[in-house]
Amino acid sequence: MFDKKLLESSELYDKRYRNFSTLIILPLFLLLIGGLTFTLFAHKELTVMSTGSIEPTKIIAKIQSTNPNPIVENNLKEGEPVKENSLLLKYNGKPEQTQLSELLTQKKLIIDKKAQLELLQKSLTNGKNEFPSPDSFGYEKSFENYEAQVKSLEASIQKSNQAVDDQNKSAESQKQAIENQILTLQQEIQHYSEIENAVSSGGTVSQDNPYLAQYQSYQAQKETLESNFKNQKTTDEADKQANKSQEEALKSQFLSGLSASKDSLKNQIKSFNVQSSSLTGNSAYDNSQSSQILTLKTQALSASNKEVTDLNSTLTDLETKISLQKQDNQYSQVFAEQAGILHILPDILGMKKIPIGTPIAEIYPLLKAKTQVNLTSYIPSTQISGMKVGQKVRLTVQQNLPKPLILTGVIKQIDSAPTQFKEGNAYKVSAITTVNSKDLPNIRYGLQGKTVTVIGKKTYFNYFLDKITGKGI
């Protein structure tokens with residue numbers, strides 16, 4: 001039977017309500033309230049994940065092939081540190097050495113030939129054989145031919161010397177006759193000049209002038225014109241001008257005739273002078289001999305000077321080729337321009353001959369404490385919209401270490417155009433970070449890992465709400 005005294009006791013309530021159902025509801029309710037509060041105030045990072053790698057911030061040197069010959073020594077190793085001026089490649093240089101030897105032989109031959117040619121010029125200038133030993137280029141023979149021409153010229157002039165002497169007396173008498181004729185012509189010119197002076201300036205003409213009749217005829221014509229003008233009944237200005245023009249025309253015509261006569265006489269004098277000058281004596285023979293010998297010497301020296309110029313030009317070309325060939329010999333080896341980390345371009349791996357100018361390797365900066373590197377990743381175009389410069393990127397590299405290598409950087413560049421891959425388009429994102437001494441032993445260029453980029457935050461409540469509604473991440 002139920003004891004009614006227990007209705008007022010706490011034990012009744014304790015026994016009635018202290019069971020499994022009442023004990024679990026309250027904690028679950030409190031847990032629900034706490035979880036809801038957490039979702040309203042706690043934030044979740046919104047991230048974009050991709051695969052990234054460690055890349056250099058810059059390429060400090062690019063190595064190109066400098067020789068098409070076969071490679072005989074190859075010190076290119078991926079990721080190896082190299083010192084400045086360390087040997088990277090060595091080519092087979094035998095063809096260049098052979099060509100250089102041939103060019104040097106040609107240069108010596110040209111120099112020897114030029115020396116013998118200078119001896120020829122010296123012999124021509126001094127008029128005697130200056131060759132101390134037999135000449136293998138034929139220049140000594142050229143000088144002997146020149147001497148033979150000179151002797152032949154001298155003999156020819158000496159042979160004609162007697163004939164010149166015989167002609168001297170005859171030439172002298174002819175000269176005297178020509179001089180007398182020239183004197184007569186000069187006197188006639190003086191008579192014409194006297195008349196010209198009288199017409200032009202009103203001077204007098206002597207009575208013994210053989211051309212006095214011409215002057216008197218001119219005066220008579222002039223007086224006739226003046227008389228006709230005076231006899232006219234009316235004279236106006238136009239008549240005066242016409243009369244003056246007639247007088248000037250008469251004067252000009254008369255003076256022109258006198259001038260033509262004088263010119264004719266002067267031409268005769270010139271002709272006589274030419275005849276006189278052609279009557280030469282011994283002086284003509286001597287000048288001819290010296291002039292002809294000088295002409296022979298000048299021609300020989302001119303020919304030798306031209307040959308010297310050609311040899312100098314050839315020598316200059318050879319020296320240029322030798323210089324270029326020596327440079328090619330220098331290009332038979334490739335050295336590192338700066339110290340750094342070597343990266344071999346995949347296209348040249350295994351090649352025994354590389355065309356000139358072909359890129360073969362790059363040198364990256366040495367990795368040391370406080371070195372800056374790029375965390376490079378490619379983000380699909382479907383996820384790039386939320387990424388911005390300045391956002392943080394974490395690169396996690398899984399290695400055989402107690403804990404993974406984690407590098408954190410800040411985005412400094414996002415390509416404006418996508419890169420095309422087989423899987424689709426992706427944008428290159430570069431974040432910069434500084435290497436610390438603790439991580440330095442485990443870092444290499446080209447290491448790949450997972451990148452996580454924080455593009456924003458939202459509360460867990462909004463996160464799950466967007467998930468349910470399909471509005472966002």
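## Tyr 378 and the aromatic pairs

Tyr 378 has a relative accessibility of 32% and therefore counts as partly exposed. That label covers the range between buried, under 20% relative accessible area, and exposed, over 50%, with a 1.4 Å probe and protein chains only. Please keep in mind that this is a predicted model, in which local features need pLDDT of at least 70 and side-chain atom pairs count only at pLDDT 80 or more, while totals for chains, interfaces and linings use all residues. Residues are numbered from 1 along each chain as its sequence is written, and side-chain values use heavy atoms, with hydrogens and water left out.

Four aromatic pairs turn up in a search of the whole structure. Such a pair consists of rings of Phe, Tyr or Trp (its six-membered ring) with centres within 6.5 Å; planes under 30 degrees apart are called stacked, those over 60 edge-to-face, and the rest tilted.

Phe 421 is partly exposed, with a relative accessible area of 36%.

## Nonpolar cores

A nonpolar core is a set of buried Ala, Val, Leu, Ile, Met, Phe, Trp, Tyr and Cys residues joined through side-chain atoms within 4.5 Å. The largest one has 23 residues, and those with the most contacts inside it are Ile 54, Met 387, Ile 443 and Tyr 445. Two or more residues each come from strand 1 (43–56), strand 9, strand 10 (392–397), strand 11 (405–414) and strand 13.

What does Ile 443 touch, leaving aside its neighbours within four places in sequence? Ile 443 is in contact with Ile 54, Leu 367, Leu 405, Leu 407 and Val 435, where contact means heavy atoms within 4.5 Å. Apart from this core lies another, of 20 residues, among them Tyr 139, Phe 143, Tyr 146 and Leu 296.

How many salt bridges does a search of the whole structure find? There are two, each defined as a side-chain nitrogen of Lys or Arg within 4 Å of a carboxyl oxygen of Asp or Glu. In one, the side chains of Asp 112 and Lys 108 meet at 3.1 Å, N to O. These two residues are four apart in helix 3 (residues 94–126), about one turn of the helix. Asp 112 is partly exposed at 33% relative accessibility, whereas Lys 108 is exposed at 54%.

The side chains of Asp 310 and Lys 306 form a salt bridge at 3.3 Å, N to O. Asp 310 and Lys 306 are four residues apart in helix 7 (residues 282–330), so about one helical turn separates them. Asp 310 is partly exposed, with a relative accessible area of 36%, and Lys 306 counts as exposed at 54%.

## A surface patch and a glycine

Ile 24, Leu 28 and Leu 31 make a nonpolar surface patch of about 290 Å². Patches are built from residues with over 30% relative accessible area and no salt bridge, joining like charges within 9 Å and nonpolar side chains (Val, Leu, Ile, Met, Phe, Trp, Tyr) within 5 Å. Leu 28 is placed in helix 2 (residues 20–41) and is partly exposed, at 48% relative accessible area.

Gly 357 is found in the loop between strand 7 (340–344) and strand 8, partly exposed at 33%. Its C-alpha atom is separated by 8.3 Å from that of Asn 67, although the two residues are 290 apart along the chain. Neighbours within four places aside, Gly 357 is in contact with Gln 64 and Ser 65.

## The whole chain

The secondary structure comes to eight helices and 14 strands. These are DSSP runs numbered from the N terminus: helices are H or I with at least four residues, strands E with at least two. Of the 473 residues, 30% count as buried. Among contacts between residues at least 6 apart in sequence, 72% join residues at least 24 apart.

The accessible surface of the chain is about 31200 Å², and 52% of this belongs to carbon and sulfur atoms. Accessible areas come from the Shrake-Rupley method with a 1.4 Å probe; for residues, only the protein chains shown count as cover.
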